[in-house]
Amino acid sequence: MAQHPLPQDLGQRAYAAYGEVTGGRTHDGRTMPAWEDLGEEIQAAWTVAASTLYQAGVDAGEQAGDR
């Protein structure tokens, strides 16, 4: 299986997309903080989640190519 580089900004892009869908609100209706204000732990959580989904898409594409 080929290794694909992960975009460095996946977490930030996912966070921004969430904000677009929710009108910039958190799950409990508060205003979403700026990415820079989230803190390292929350930024890392968004990045891991987004990277996992990105890799799942890469894996699915490679499996489809094997058919």
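**The whole chain.** Begin with the entire predicted model in view. The chain has 67 residues, of which 16% are buried. Its accessible surface comes to about 5100 Å², and carbon and sulfur atoms account for 56% of that area. Displayed as a cartoon, the chain shows 2 helices and 0 strands. Among contacts with a separation of 6 or more, 47% join residues 24 or more positions apart.

**The helices.** Select residues 10-22 for helix H1 and residues 40-65 for helix H2, then the loop between them, where Arg-30 is found.

How many salt bridges does the model contain? The count is 2. Select Asp-9 and Arg-13 and show their side chains, which meet in a salt bridge with an N to O distance of 3.5 Å. Asp-9 counts as partly exposed because its relative accessibility, 36%, lies between the limits of 20% and 50%.

**The second salt bridge.** Next, select Asp-28 together with Arg-30. The closest N and O atoms of this salt bridge are 3.1 Å apart. Is Arg-30 buried or exposed? With a relative accessible area of 52%, Arg-30 is over the 50% limit and therefore exposed. Asp-28, by contrast, has a relative accessible area of 44% and is partly exposed.

Technical notes: Residues numbered from 1 in each chain as written. Predicted model: local features only at pLDDT ≥ 70, side-chain atom pairs only at ≥ 80, totals over all residues. Heavy atoms only, no water. Salt bridge = Lys/Arg side-chain N within 4 Å of Asp/Glu carboxyl O. Buried < 20%, exposed > 50% of the residue type's maximum accessible area, 1.4 Å probe, protein only. Helix = DSSP H or I, 4+ residues; strand = E, 2+ residues; numbered from the N terminus. Contact = heavy atoms within 4.5 Å. Areas by Shrake-Rupley, 256 points an atom, 1.4 Å probe, with all protein chains shown as cover.
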